Amino acid sequence: MRTADTPAGAQPATRLSPADFGYTGAVQLPDLWDQLTEPHTAVTFAMIVRARQHTRDPDLRAEARLAERALRAKFVEREGVIQSASFAERVIGGCALTERTERAGRREVIARRLHTVLNSAAPDLVALEAKCGTLAENAVTAYCGRPTLLRQLRTSTDSVFSVMTRVLRAANELAADPPPDRPRRAELLKIAADEYAHAHKQINAGIQREARFTYFQGTLLGAVATIAVCALVGFVSFRWWGATVSTPAFLASTLFGGIGAVTSVFQRMSTGRLVLDFTASRWQMITLGSVRPFAGAVFGAIVHFGLVGGVLGASISDAEASAVVGFSAVTGFAAGFSERLATDMIERAGKLVVGDAASTAEEDRAAEHTDRSQR
């Protein structure tokens, strides 16, 4: 009989039984066998941990071992080969690293994943287990899909797996009978937390380093495009705006604004102050980086026109040509290098313009009042 989920013309999946996996005795672990006998049910690592826990019971050992073996086989079929695995003895807990080959478009890439389970009475250890899972997922997000970064992916996930084994050892010792005294308990928690903090620092540094390199690639591409745009705008200025715009000074301000933006990105990369969202795709990060030099050129142009118009201080339009070009280059670089500086300049210009308008209005009202008095 065909079910609603079975395609027309296809044979329905056959439900298996424990005997198909080599177990012919009385079923005492139906919850485990249900995961195996249903053909479309996904096996999780938690099921393997549960089966392993049942092997400690002499009455369930034979059945649990067969179930665990079958669960492992189905788990590997879905998640990939288990590279490393560790299990707790006194609590329900374990961790495993799996690796498999996936297709990404036309390429084949290596995918790695950390699987963790921990049922402990120590909330600090449970929190560390969740953090380890997140840290491993961050490494997968940053490195997976790029063959050149396979080494970083494996090193990072291996590091998190090592931390998780430390967490499992601590959970085992805390569950001992009798439990450890308070100083030993604090020591176990501190050791696990310190190891996680060290791995977190190292892995995040590597992830940010890769993200910054990708972002800087986009910045360099954007710098080339910005130079081309500035050259085009400079030609238009020379051809049609020559009477009102000083083309050399304008070009100096915009070009050095873009250069200042590139220098700012490089300087923040070298000091570690450039923190990026590594969850964005590679092309998104390159696109964002390419916009940075263009924004610097725009800031440079705004500051240049503000100086020429006198809204940022004394006008430079009456100075010598070489001085105007040099000053425009310096101010353009400063505006592109620091978005905050450019924003402050623009805000100052706005205040000056508003202040001048308010002063003019006040003078007009005073003059009108004087005329009425004289009359």
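Let's start just after helix H7, where Gly-272 takes a positive phi of about 80 degrees. Helices here are DSSP runs of H or I with at least four residues, strands are runs of E with at least two, and both are numbered from the N terminus.

A word on the source. This is a predicted model, so local features need pLDDT of at least 70 and side-chain atom pairs count only at pLDDT 80 or more, while totals for chains, interfaces and linings use all residues. Residues are numbered from 1 along each chain as its sequence is written, and side-chain values use heavy atoms, with hydrogens and water left out.

Back to H7. It covers residues 247–271. The expected span is 1.5 Å times one less than the number of residues. For the 25 residues of H7 that gives 36 Å, and the end C-alpha atoms are 36 Å apart, which agrees.

Now the sheet. Three strands form an open sheet in the order S1-S2-S3, with antiparallel pairing. S1 and S3 stand at the edges with a single partner strand each, so one side of each has no neighbour in the sheet. Neighbouring strands are turned by 15 degrees against each other on average, direction ignored. Pairing means that DSSP finds at least two bridges between two strands.

Take S1, residues 81–87, and S2, residues 92–104: they pair over six bridges. Ala-85 has Ala-96 of S2 as its bridge partner. The two strands form a hairpin with four residues between them.

Next, S2 and S3. Thr-98 is bridged to Arg-113 of S3. Ala-104 is bridged to Arg-107. This hairpin has two residues between its strands, and Gly-105 in the turn has a positive phi of about 70 degrees.

On to the helix pair. Helix H4, residues 123–143, and helix H5, residues 150–174, have axes that come within 9 Å and cross at roughly 170 degrees. Axes are lines fitted to C-alpha atoms, for helices over the stretch in contact, and angles run from 0 to 180 degrees between N-to-C directions. So H4 is roughly antiparallel to H5, a label for angles over 145 degrees. The contact (heavy atoms within 4.5 Å) includes Leu-125, Leu-128 and Cys-132 of H4, and Val-160, Val-163 and Met-164 of H5. What is its make-up? The contact residues divide into 16 nonpolar, three polar and one charged. Nonpolar covers Ala, Val, Leu, Ile, Met, Phe, Trp, Tyr, Cys and Pro; charged covers Asp, Glu, Lys and Arg; the others, Gly among them, are polar.

Last item: the peptide bond from Asp-177 to Pro-178 is cis, with omega near 5 degrees. Pro-178 lies in the loop between H5 and H6.

Terms used: Angles under 35 degrees count as roughly parallel, over 145 as roughly antiparallel, 65 to 115 as roughly perpendicular and the rest as oblique.
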